[in-house]
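Please look over the sequence and the structure shown here before reading on.

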Amino acid sequence: MANEAGEQRPFGEVEASLERSGRVEDLISLYESRCREVPEPEEAAALMARAGELARDRLKNPARAEELFRRALAYAPMSREPLKGL
């Protein structure tokens, strides 16, 4: 995500900013885009599982959460976090 000067901010900084501001949809979008950039399937699965937890817990949208958890399983089928979420 770019700041006013057009510079890229580190992922952790953007994540923390979105969490503080309560912008859940933007945070889910950040996780979805980040999972396409990371080389490790387990890391991508963890990001999608976090997105699923946000959809389930903060947005109260179980259908969207299920979709995100299933996508997490596509990255790492043996990952525990998405399985627990489902």
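The notes below go from the overall fold to helices and then to individual residues.

The structure is a predicted model. Its protein chain has five helices and zero strands, which gives the pattern α-α-α-α-α when read along the sequence. The radius of gyration is 13 Å, close to the 12 Å that the globule rule gives for 86 residues, so the chain is as compact as a globular protein of that length.

**Overall dimensions and surface**

- The C-alpha trace of the protein chain spans about 40 × 30 × 15 Å along its principal axes.
- Of the 86 residues in the protein chain, 35% are buried.
- The accessible surface of the protein chain comes to about 5,400 Å², and carbon and sulfur atoms account for 48% of that surface.
- When contacts in the protein chain between residues at least 6 apart in sequence are considered, 36% join residues at least 24 apart.

**Helix H2**

- Helix H2 covers residues 24–35. Its twelve residues should span 16 Å at 1.5 Å a residue, and the end C-alpha atoms are 17 Å apart, which agrees.
- The buried residues of H2 are Val24, Leu27, Ile28, Leu30, Tyr31, Glu32 and Cys35.
- These buried residues of H2 pack against H1, H3 and H4.
- Glu32, a residue of helix H2, has a relative accessibility of 15% and therefore counts as buried, the cut-off being under 20%.
- Apart from neighbours within four places in sequence, Glu32 is in contact with Met48, Arg64, Leu68 and Arg71.

**Helix H3**

- Helix H3 runs over residues 41–57 and has 17 residues. From its first C-alpha to its last, H3 reaches 24 Å, close to the 24 Å expected at 1.5 Å a residue.
- The buried residues of H3 are Ala44, Ala45, Leu47, Met48, Ala49, Ala51, Gly52, Leu54 and Ala55.
- The cover over the buried residues of H3 includes helix H1 (11–21), helix H2 (24–35), H4 and helix H5 (80–85).
- Met48, one of the buried residues of H3, is also among the contacts of Glu32.

**An aromatic pair and a charge over a ring**

- The count of aromatic pairs comes to one. The ring centres of Phe11 and Tyr31 are 6.3 Å apart and the ring planes meet at 50 degrees, so this pair is tilted.
- The pair links distant parts of the chain, with Phe11 in helix H1 and Tyr31 in helix H2, 20 residues apart.
- Both Phe11 and Tyr31 are buried.
- Arg34 places its charged end over the ring of Phe11, at 4.7 Å from the ring centre.

- Lys60 is located in the loop between H3 and H4. With a relative accessible area of 63%, Lys60 is exposed, because the cut-off is over 50%.
- Most residues other than glycine have a negative phi. Lys60 has a positive phi of about 55 degrees although it is not a glycine.
- Pro62 belongs to helix H4, which covers residues 62–75, and Pro62 is exposed, with a relative accessible area of 59%.
- Pro62 and Gly52 are ten residues apart in sequence, and their C-alpha atoms are 8.6 Å apart in space. Gly52 is one of the buried residues of H3.
- Arg70 also lies in helix H4. Its relative accessible area is 48%, so Arg70 counts as partly exposed.
- Arg70 and Lys60 are ten residues apart along the chain, with 17 Å between their C-alpha atoms.

**The loop between H4 and H5**

- Ser79 is placed in the loop between H4 and H5. Its relative accessibility is 15%, and Ser79 therefore counts as buried.
- Not counting residues up to four places away in sequence, Ser79 touches Ala45 and Leu73. Of these, Ala45 is among the buried residues of H3.

Note on methods
Residues numbered from 1 in each chain as written. Predicted model: local features only at pLDDT ≥ 70, side-chain atom pairs only at ≥ 80, totals over all residues. Heavy atoms only, no water. Helix = DSSP H or I, 4+ residues; strand = E, 2+ residues; numbered from the N terminus. Buried < 20%, exposed > 50% of the residue type's maximum accessible area, 1.4 Å probe, protein only. Expected span 1.5 Å × (residues − 1). Contact = heavy atoms within 4.5 Å. Phe/Tyr/Trp six-rings, centres within 6.5 Å; stacked < 30°, edge-to-face > 60°. Lys NZ or Arg CZ within 6 Å of the ring centre and 35° of its normal. Rg over C-alpha atoms; globule rule 2.2 N^0.38 Å. Areas by Shrake-Rupley, 256 points an atom, 1.4 Å probe, with all protein chains shown as cover.
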